[in-house]
Amino acid sequence: LVSLTAGATLPSRLFIATWNAIYSLAPGITGGCRPLPLATLAAAAGLQVVTREVLVQWAFPSEIVVAR
């Protein structure tokens, strides 16, 4: 599973703060996408999280979760 997530570095936290501000004003501009706590949601859905990693590229944080 992969999702936009909360920032892990200062640039990515600033990116997500800006993203959230835009989302709150006009969700369509972000395509309706918002950061999600993917590992938490997977566990709440009854999945066992095997691994979790946050990858930041160009200040864009992605959470990568392997679950079963």
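**Notes on Glu63 and its surroundings**

1. The side chain of Glu63 comes to 3.3 Å from the backbone nitrogen of Ala39. That is a polar contact (a pair of N or O atoms within 3.5 Å; within protein, one must be able to donate a hydrogen and the other to accept it, and residues adjacent in sequence count only if both atoms are side-chain atoms). Side chain to side chain, Glu63 also has a polar contact with Arg52, at 2.5 Å.

2. A word on the source: this is a predicted model, where local features need pLDDT of at least 70, side-chain atom pairs count only at pLDDT 80 or more, and totals for chains, interfaces and linings use all residues. Residues are numbered from 1 along each chain as its sequence is written, and side-chain values use heavy atoms, with hydrogens and water left out.

3. Where does Glu63 lie? Look in strand E3, residues 60–67 (strands, E, are DSSP runs of at least two residues, helices, H or I, of at least four, numbered from the N terminus). Glu63 counts as buried because its relative accessibility is 2% (buried is under 20% relative accessible area, exposed over 50%, partly exposed in between, with a 1.4 Å probe and protein chains only).

4. Setting aside residues up to four places away in sequence, Glu63 touches several others, including Leu1, Thr5, Pro37 and Val54 (contact means heavy atoms within 4.5 Å).

5. Ser3, in strand E1 (residues 2–4), is buried too, at 12%. Beyond its neighbours within four places, Ser3 is in contact with Leu36, Leu38, Pro61, Ser62 and Glu63.

6. Thr40 sits in helix H2, residues 38–44, and counts as exposed because its relative accessibility is 53%.
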